Amino acid sequence: MYDIKPVSAAETNSDIRILLANPRGFCAGVDRAIKIVELAIKKFGAPVYVRHEIVHNRYVVEGLEAIGAVFVDELDEVPADAPVVFSAHGVPKSVPAEAEKRKMVYVDATCPLVSKVHRAVERHQSSGRHILMIGHEGHPEVIGTMGQIAEGSMSLIETVEDAESFMADDPAELAYVTQTTLSVEDTADIVSTLERRFPELTNPKKEDICYATTNRQVAVKEVAKQADRVIVIGAPNSSNSMRLVEVSEKRGCSARLVQRAADIDWAWVKGAKTIGITAGASAPEVLVEEVIEALKERYNANVELVTTAEENVVFKVPPILKDIT
Ligand code: 0K2
Ligand code: SF4
């Protein structure tokens, strides 16, 4: 399916400097979610059903399918006697409720940092505040977070324009939460617009963009400052990966998303002296290595690491899987 295009002589042998962003790739929530599926297959045996792509990466999904995971869109596609895992992006309350009603065994792989936002939504609601959700319509995390409370109790704000036009019933009783994988800069513009219009919007102190999203954007910004092109390894439905493309382009650097080496447009690479590489939080390192190898096949490539943060976050798996090795 992924044929590497043949290398023509004209494309080879020039020098190229590769700047490899660090941090890049898997975050603690993705590591944990993949581990949950693997451990669930060990514990329950195949097939283990997974509602939605466990993380937004085809290579990861196909790897798990090969060991017995079956991916479905909705719970009603899962037989009641089969175990099911919920994806890292989180699910509306109705999903575990339905699983319980059908007496299903389920394991929730929602990232703990997404679950934290779910709990904030509940807290704001019980304090009587109307909640603004800053995020992208239709994204599973947004569906999951907005699905923590009754429909209509939250309003979605996607842009500064939405923040300008939102009409509050009671401006004194407003709170906001955000998707964890947004652009830090774009979100700051939305939040400052809301704070200007609603000075009593004091809660929370900070948006909910997670450490991994923030760190990957800082690292790619540093890379984009020095590079002629940036390759972002990730999937088109991966919000955090798409943001890395945007952040690079905002720094004036041409950037492209590729799922793996076979997607690289070599005509676009041609002429670059310095090429940046990063990977979204759901993109495995093996695909980064594949891209570097493809560059090395065509250029005299020298790889330099651009480090802007060290990460040591690890999340535990749920108690139901903790004794499986
Ligand atoms: O960035 P997205 O939320 O679209 O999701 P993935 O690409 O699967 O990355 C993992 C993040 C999941 C939750 O925040
Ligand atoms: Fe969790 Fe952030 Fe990774 Fe999403 S990107 S899974 S919120 S650590």
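Visitor: In which loop is Pro23 found?

Guide: A word first: this is a predicted model. The peptide bond from Asn22 to Pro23 is cis, with omega near 10°. Strand 1 covers residues 14–22, and Pro23 is found in the loop between strand 1 and helix 1.

Visitor: Where is the place of Pro47?

Guide: Pro47 also takes part in a cis peptide bond, the one from Ala46, where omega is near 0°. Strand 2 spans 48–51, and the place of Pro47 is in the loop between helix 1 and strand 2.

Visitor: What is the phi of His52, which is not a glycine?

Guide: His52 has its place in the loop between strand 2 and helix 2 (58–66). Although His52 is not a glycine, its phi is positive, at about 75°.

Visitor: How many helices and strands does the protein chain have, and why does its radius of gyration agree with that of a compact globule?

Guide: The secondary structure of the protein chain comes to 11 helices and 12 strands. Along its principal axes, the C-alpha trace spans about 65 × 55 × 30 Å. A compact globule with 325 residues would have a radius of gyration near 20 Å; this agrees with the value for the protein chain, 21 Å.

Visitor: Which space does ligand 2 take?

Guide: The structure holds two cavities of 30 Å³ or more. The largest cavity has a volume of about 290 Å³. The space taken by ligand 2 is the largest cavity.

Visitor: Which elements give two or more residues to the lining of the largest cavity?

Guide: The largest cavity is lined by 25 residues, with Cys27, Val30, Thr180, Thr181 and Asn240 nearest its centre. The elements that give two or more residues to this lining are helix 1 (28–44), helix 4, helix 8 (211–226) and helix 9 (239–250).

Visitor: How do the residues of that lining of the largest cavity divide into nonpolar, polar and charged?

Guide: For the shell around ligand 2, the residues are Cys27, Gly29, Cys111, Leu113, Val114, Thr180, Cys210 and Tyr211. That shell divides into six nonpolar, two polar and no charged. The lining of the largest cavity divides into 13 nonpolar, 11 polar and one charged.

Visitor: Which helix gives the most to the lining of the largest pocket?

Guide: The largest pocket has a volume of about 300 Å³. Its lining has 18 residues, and Lys116, Val117, Lys206, Glu207 and Asp208 lie nearest its centre. By type, the lining of the largest pocket divides into eight nonpolar, three polar and seven charged. With six residues, the most comes from helix 4 (residues 112–126).

Visitor: Which residues are the closest to the centre of the second largest pocket?

Guide: The second largest pocket has a volume of about 220 Å³. Of the 13 residues that line the second largest pocket, the closest to its centre are Pro96, Asp108, Thr110, Ser115 and His118.

Visitor: From which domains does the lining of the second largest pocket draw at least three residues each?

Guide: Strand 5 (106–108) and helix 4 are the elements that give two or more residues to the lining of the second largest pocket. Helix 4 has the largest share of that lining, three residues. By type, the lining of the second largest pocket divides into six nonpolar, four polar and three charged. The domains that each give at least three residues are domain 2 (28–111) and domain 3 (113–197).

Conventions:
Residues are numbered from 1 along each chain as its sequence is written. Chains are lettered from A and ligands numbered from 1 in the order in which they are written. This is a predicted model: local features need pLDDT of at least 70, side-chain atom pairs count only at pLDDT 80 or more; totals for chains, interfaces and linings use all residues. Side-chain values use heavy atoms; hydrogens and water are left out. A residue is near a molecule or strand if one of its heavy atoms lies within 4 Å of it. On a 1 Å grid over the protein atoms alone, a cavity is a set of points where a 1.4 Å probe fits but cannot get out, and a pocket is an open set with protein on both sides within 12 Å along at least five of seven lines; lining residues have an atom within 4 Å of a point. A molecule sits in a cavity or pocket if more than half of its atoms lie within 2 Å of its grid points. Ala, Val, Leu, Ile, Met, Phe, Trp, Tyr, Cys and Pro count as nonpolar, Asp, Glu, Lys and Arg as charged, and the others, Gly among them, as polar. Grid points are joined across faces, edges and corners, and a volume is the space filled by probe spheres set on the points. Helices (H or I, at least four residues) and strands (E, at least two) are DSSP runs, numbered from the N terminus. Domain bounds come from an automatic or database domain assignment. The radius of gyration is taken over C-alpha atoms; the globule rule is 2.2 Å times the number of residues to the power 0.38.
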